[in-house]
Amino acid sequence: MARRKIYKVGDDTLRQVSKPVTEFDDKLSALIDDMIDTLIYEDGAGLAAPQVGVLKRIFVATFDGGSTIIEAVNPVIVKAKGKRVAAEGCLSIPEIREKVERPRHVVVHAFDRHGNPIELKADGFEASCFCHEIDHLDGILFTDRSIKKK
């Protein structure tokens, strides 16, 4: 396991659409482990693979400092309801926080690192985090969704 470099705003990688994961192997597990190490080291809530320069549909998240880790491979939001406006930040856009409107509740279908299907349900901050990380997989940054731009 190793920490990886966080790609910052301005790097073209962050604007590209990630490809679905098709092989659930040791390379995938090593990448996820590295992402977890990076996320915990950076004291973040979520980290998407493009943020470490890998254009694969993967994110990891933690809401308790790393005691519990959520791993999502090929995540898809299958249900979203309600509205929540809150300030967001991003490891790829340091020192900037902007208000973003997100769903208050989401249900995400994904796979774990072994290819087993999982369902993630989230409310509030956690729902916003999942949406934020899935946006990264589509080349979208939270600043693109800032309520300032609406």
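## Cysteines, salt bridges and pockets

Cys129 is buried, at a relative accessible area of 6%. Cys131 is buried as well, with 6% relative accessibility. The model is a predicted one. A disulfide needs the two sulfur atoms within 2.5 Å. The structure holds 0 disulfides. Cys129 is thus in none, the nearest cysteine sulfur being that of Cys131.

Charged pairs come next. Side chains of opposite charge can pair when their charged atoms come close. The structure holds 9 salt bridges. One of them joins Arg113 to Asp33, with 2.9 Å between the closest N and O atoms. This pair links distant parts of the chain, 80 residues apart. Arg113 sits in the loop between strand E6 (105-111) and strand E7 (117-123), while Asp33 belongs to helix H1. Arg113 is buried at 12% relative accessibility. Asp33 is partly exposed at 22%.

A second bridge pairs Asp138 with Arg57, at 3.1 Å from N to O. Here too, distant parts of the chain are linked, 81 residues apart. Asp138 lies in the segment after H2, and Arg57 in the loop between strand E1 (46-48) and strand E2 (58-61). Asp138 is partly exposed, at 32%. Arg57 counts as buried, at 13%.

Lys121 and Glu119 also form a salt bridge, with their closest N and O atoms 3.8 Å apart. Lys121 is exposed at 58% relative accessibility, and Glu119 is partly exposed at 45%. Elsewhere, a network of salt bridges links Glu88, Arg102, Asp135 and Arg145.

The largest pocket holds about 330 Å³. It is lined by 17 residues, and the closest to its centre are Ala45, Gly89, Cys90, Phe125 and His132. Strand E4 (84-90) and helix H2 (124-137) are the elements that give two or more residues to this lining. E4 supplies the largest share, 6 residues. By type, the lining has 7 nonpolar, 6 polar and 4 charged residues.

The second largest pocket holds about 220 Å³. Its lining consists of Val21, Thr22, Glu23, Asp25, Lys27, Leu28, Leu31, Lys56 and Ile58. Which element gives the most to this lining? Helix H1 (residues 26-42) does, with 3 residues. The lining of the second largest pocket divides into 4 nonpolar, 1 polar and 4 charged residues.

Notes. Residues are numbered from 1 along each chain as its sequence is written. This is a predicted model: local features need pLDDT of at least 70, side-chain atom pairs count only at pLDDT 80 or more; totals for chains, interfaces and linings use all residues. Side-chain values use heavy atoms; hydrogens and water are left out. On a 1 Å grid over the protein atoms alone, a cavity is a set of points where a 1.4 Å probe fits but cannot get out, and a pocket is an open set with protein on both sides within 12 Å along at least five of seven lines; lining residues have an atom within 4 Å of a point. Grid points are joined across faces, edges and corners, and a volume is the space filled by probe spheres set on the points. Helices (H or I, at least four residues) and strands (E, at least two) are DSSP runs, numbered from the N terminus. Ala, Val, Leu, Ile, Met, Phe, Trp, Tyr, Cys and Pro count as nonpolar, Asp, Glu, Lys and Arg as charged, and the others, Gly among them, as polar. Buried means under 20% relative accessible area, exposed over 50%, partly exposed in between (1.4 Å probe, protein chains only). A salt bridge is a side-chain nitrogen of Lys or Arg within 4 Å of a carboxyl oxygen of Asp or Glu.
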